[in-house]
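Here is a report on one protein structure, written for a reader who is new to the subject. Please keep the sequence and the model in view while reading.

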Amino acid sequence: MMKLGFIGTGNMAGAIMGGIIKNQIFRPEEIIGADISEAGREKTKEAYGIEVTGDNRKAADSEVLILSVKPQYYADAIAEIKDCVRDDQLVITIAPGKTLAWLEEQFGKPVKIVRTMPNTPALVGEGMTAACVNQYVTEEEKAYALKILSSFGKVELVPEHLIDAVVAVSGSAPAYVFMFIEAMADAAVAEGMPRAQAYEFAAQAVYGSAKMVLETGKHPGELKDMVCSPAGTTIEAVRVLEEKGLRSAVIEAMRACADVSRRL
């Protein structure tokens, strides 16, 4: 029996595998990934050196099972494997909208479930994952799950009703941040900077700013004020961002994101 099984070997599964292997939580030979796509399977095998299969039930024969298919395929995947899922097995899910109650109903029997919402920066060891567990998961098993999840970034336990907020604030957020970096780089290119250099300046500015928030403990507004000199360049840029509704655009986008997550 393998120690860790994946059903679905897409981008998110790959990001998680990468973190787990890099931090030596599991060795590649202890991991199996199932995918209906042969091209997807081979890509994963080549990238991470794990065993791959087209048979979901084979991947389900593991100590810990991660369901990493898209939300719309969850019901079919669970229907296929529920008979071979054991009561001593830990099942980790990463699908928005699929509640613990819904998951338990699909399995139709007591199963230890850890519901999580990670994000793709897991690929570079900087993921942000929220987790909640059902009543069958022991304290020891919860700690083990958190150890696995922390191998590719930060993890926090949250009450389940906050998972849709998590989808908006971290799960989907890399896309907004990438758009912001791309827009800043486009403006730098318009000012004459070479494209590759523009991406580096913009990305490092975002990375460094995020690090300041996390490491100084200061309010983001206070950090913003520190950059804004009287009658200076930055406050003029901030004025235009306020005029164009940056904050409102972000808030409305995240509300729409959370609403879709609730309906999945």
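Helix H7 (residues 163-171) and helix H8 (residues 173-190) have axes that come within 6 Å and cross at roughly 25 degrees. Angles under 35 degrees count as roughly parallel, and H7 and H8 are therefore roughly parallel to each other. On the H7 side, the contact is made by Val167, Ala168, Val169, Ser170 and Gly171. On the H8 side, Ala173, Pro174 and Tyr176 take part. These values, like those below, come from a predicted model.

A second pair of helices can be described in the same terms. Helix H4 (residues 74-81) packs against helix H5 (residues 100-107) at an angle of about 40 degrees, and their axes are 9 Å apart. H4 and H5 are therefore oblique to each other. Their crossing is right-handed. In this contact, Tyr74, Ala75, Ile78 and Ile81 of H4 meet Trp102, Leu103, Gln106 and Phe107 of H5.

Phe107 also belongs to the largest nonpolar core, which has 57 residues. Phe6, Ile20, Leu67 and Phe107 touch the most other members of this core. Helix H1 gives the most to the core, with 7 residues. What does Phe107 touch, not counting residues up to four places away in sequence? The list is Leu67, Ile78, Ile81, Lys82, Val85, Val91 and Ile113. Ile78 and Ile81 on this list are also among the H4 residues that meet H5. As a general background, nonpolar side chains tend to be buried together in soluble globular proteins.

Charged side chains form another set of contacts. How many salt bridges does a search of the whole structure find? The search finds 17. Three of these pairs are listed here.

| Glu51 | Lys58 | 3.1 Å |

Glu51 has a relative accessibility of 32% and counts as partly exposed. Lys58, at 43%, is partly exposed too.

Where do Asp259 and Arg262 lie? Both are in helix H12 (residues 246-263), and they are 3 residues apart, about one turn of the helix. Elsewhere, salt bridges link several residues in a network, whose members are Lys3, Arg27, Glu29 and Glu30.

The backbone has some points to note as well. Most residues other than glycine have a negative phi. Gln24 is not a glycine, yet its phi is positive, near 55 degrees. Gln24 sits in the loop between helix H1 (11-22) and strand E2 (31-34). Is Gln24 buried or exposed? With a relative accessible area of 70%, Gln24 is exposed.

Ala231 likewise has a positive phi, of about 55 degrees, although this residue is not a glycine. Ala231 is found in the loop between helix H10 (220-227) and helix H11 (233-243). Its relative accessibility is 85%, so Ala231 counts as exposed.

How values were computed
Residues are numbered from 1 along each chain as its sequence is written. This is a predicted model: local features need pLDDT of at least 70, side-chain atom pairs count only at pLDDT 80 or more; totals for chains, interfaces and linings use all residues. Side-chain values use heavy atoms; hydrogens and water are left out. A salt bridge is a side-chain nitrogen of Lys or Arg within 4 Å of a carboxyl oxygen of Asp or Glu. Buried means under 20% relative accessible area, exposed over 50%, partly exposed in between (1.4 Å probe, protein chains only). Helices (H or I, at least four residues) and strands (E, at least two) are DSSP runs, numbered from the N terminus. A nonpolar core is a set of buried Ala, Val, Leu, Ile, Met, Phe, Trp, Tyr and Cys residues joined through side-chain atoms within 4.5 Å. Contact means heavy atoms within 4.5 Å. Axes are lines fitted to C-alpha atoms, for helices over the stretch in contact, and angles run from 0 to 180 degrees between N-to-C directions. Angles under 35 degrees count as roughly parallel, over 145 as roughly antiparallel, 65 to 115 as roughly perpendicular and the rest as oblique. A crossing is left-handed if the near helix is turned anticlockwise from the far one by less than a right angle, and right-handed if clockwise.
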